Amino acid sequence: MSSAALLLRYLAISLRGQLQYRASFLMAASGNLLNCVIEIAGIWVLFDRFGDLSGWSFAEVAFFCGTVNATFAMGELLATGFDQFGTLYVKTGDFDRLLLRPRSTVLQLAGHELSLRRLGRLLPGIVIVVAAWAALDLPLDADRVGLLALAMAGGVAFFFALMVLQATMCFWTTESLELMNILTYGGVETASYPLPIYHRLFRRFFTFVVPLACIGYFPIVAVLGVDDPLGTSRLFQVAAPLAGFAFLGVAIGVWQLGVRRYTSTGS
Amino acid sequence: MSPDIRPLVAVVSARYRTLLQYRAAAFAGFATQLFWGSIRLMILAAFFAATTEPQPMDLPQIVAYVWLGQALLGMLPWNVDADFREQVRDGTVAYDLLRPLDLYSYWFGRTLAFRVAAPTLRGIPMVLFSMVLLPLVGLGDWALIPPAHAVAFAGFVASLVLAAMLATAITLLAHISLLWTISGVGMDRVLTGLVTVFSGLTVPLPLFPDWLQPFLNWQPFRGLADVPYRIYSGNIPSAEIAGELVFVFVWTIALVLLGRLILLRGVRRMVVQGG
């Protein structure tokens, strides 16, 4: 069986499993939905109070916010196995079983669960993007849609990579994983607003070290068709999402180093 | 209720000392909150920069609001105590019924320790960082200002004590609801949403639209954060401090009474898990 077919089979099983517990799925999904609504409402409150954000309109900021929420939700949807790696596989020693199977660990963990409750963030994210698109009267052309799709694909790779890095940390410690929340949840918060409002050090960090802005701010500036106050070129903005895929490549490399030094806790 | 308060003091102090053991988690929490605080500050300052008309808060007051919010985050009743949830799930909660203590008071003591432990570990470094270190490295504009005046400081301390009590009463309502729902996952999420928005943690409450202010001013969650932080920065004038303290106190008493009432019914119909 090919890897893709196997992944689909894993995910189909996971879906069927989750649909057995509908109430618990609905509860968790509505919690995610609530958080997303609170986030966009918080942005609205600030616009209502202050009028504008150094030249950016509410619809533009909503576009940033919706995109990053949808992207993060898709990344989380696919990477649940990595997200819960420490508790489910390392503490229990169950990772040994994965290592014994003749397939890559990345594939098996990606197939661990297609966590449906993430839809609670994905759906409002998409609704916000569509509404912002309409409110801004952006033309619906192939260039814009294609670039947004590329940015979101790069973003899914980016957030998937963060989850892989978080799981890799479990080979050393299963504590203080909370630090990774800075980059995941903190990343969503950060990317919900235009990059120029942040301090220079934050901007550099989120461009060159952790390329969050490359899958959010830069390509979206091109989609919105506005000039970047930071002065980047269109070519850079269009190519930036590729950094998300490169980041995933690095993360998987680090993961494989971690796997090599893994010692089981099981008996 | 037993007139002897010593067992309760022992409960609070034992639980508090247990929770102080988790230092690595505290460091991770500190770093996380530092990051959140910085991002929130930059967002609010960017909004504030463009404004020309007078706002209900000035920038140093907003900065103080954000840093105090990060320092005292653990005190907000945004989650349930995982140990308590475990007790309900495996049935050991039944032992608590056998103790020669008033059940609500006993749980109140435990929960108070849970709510107060996190801010002492995370809050003190956060205050030192934002008040002392930031001005030293030339970021004085982003620093936590000292309390506006002596009365503001006294009012802040008093409102903080009340906020801890209020937070405990709210957390306890969530704990008691576990007797019905057991898992508490949904409860946690709704509680987090309510608390972060209506305490002022997401956006300082005075910045909400004016037409929402009458509602925001009367709901209990503002006693958790909005009241103490604004007393601290002098945004609430000295003359109004006493009234605000009474406001928080009345809500606390009301929620304690509600908790007692629900607990009474919960115990009557409790089915203990496990064998």
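## The contact between chains A and B

In this predicted model, the contact draws 29 residues from chain A and 28 residues from chain B, where two residues are in contact if their C-beta atoms, placed from the backbone, lie within 7 Å. On the side of chain A that touches chain B, the elements that give two or more residues are helix 2 (22–50) and helix 10 (185–191) of chain A; helices (H or I, at least four residues) are DSSP runs, numbered from the N terminus. Helix 2 of chain A provides the largest share of that side, 12 residues.

By residue type, the side of chain A that touches chain B comprises 13 nonpolar, 10 polar and six charged residues, with Ala, Val, Leu, Ile, Met, Phe, Trp, Tyr, Cys and Pro counted as nonpolar, Asp, Glu, Lys and Arg as charged, and the others, Gly among them, as polar.

## Helix 8 of chain A

Helix 8 (residues 119–135) of chain A has 17 residues and should span 24 Å at 1.5 Å a residue, which agrees with the 24 Å between its end C-alpha atoms; the expected span is 1.5 Å times one less than the number of residues. Its buried residues include R121(A), L122(A), I128(A) and W133(A), a residue being buried if 20 or more other C-beta atoms lie within 10 Å of its own, exposed if 12 or fewer, and partly exposed in between, with C-beta atoms placed from the backbone. Just after helix 8 of chain A, D137(A) adopts a positive phi of about 55°.

## M169(A)

M169(A) belongs to helix 9 (residues 142–169) of chain A, and M169(A) is partly exposed because 18 other C-beta atoms lie within 10 Å. The C-alpha atoms of M169(A) and T190(A), which are 21 residues apart along the chain, are separated by 23 Å.

## Conventions

Residues are numbered from 1 along each chain as its sequence is written, while chains are lettered from A and ligands numbered from 1 in the order in which they are written. Since this is a predicted model, local features need pLDDT of at least 70 and side-chain atom pairs count only at pLDDT 80 or more, whereas totals for chains, interfaces and linings use all residues.
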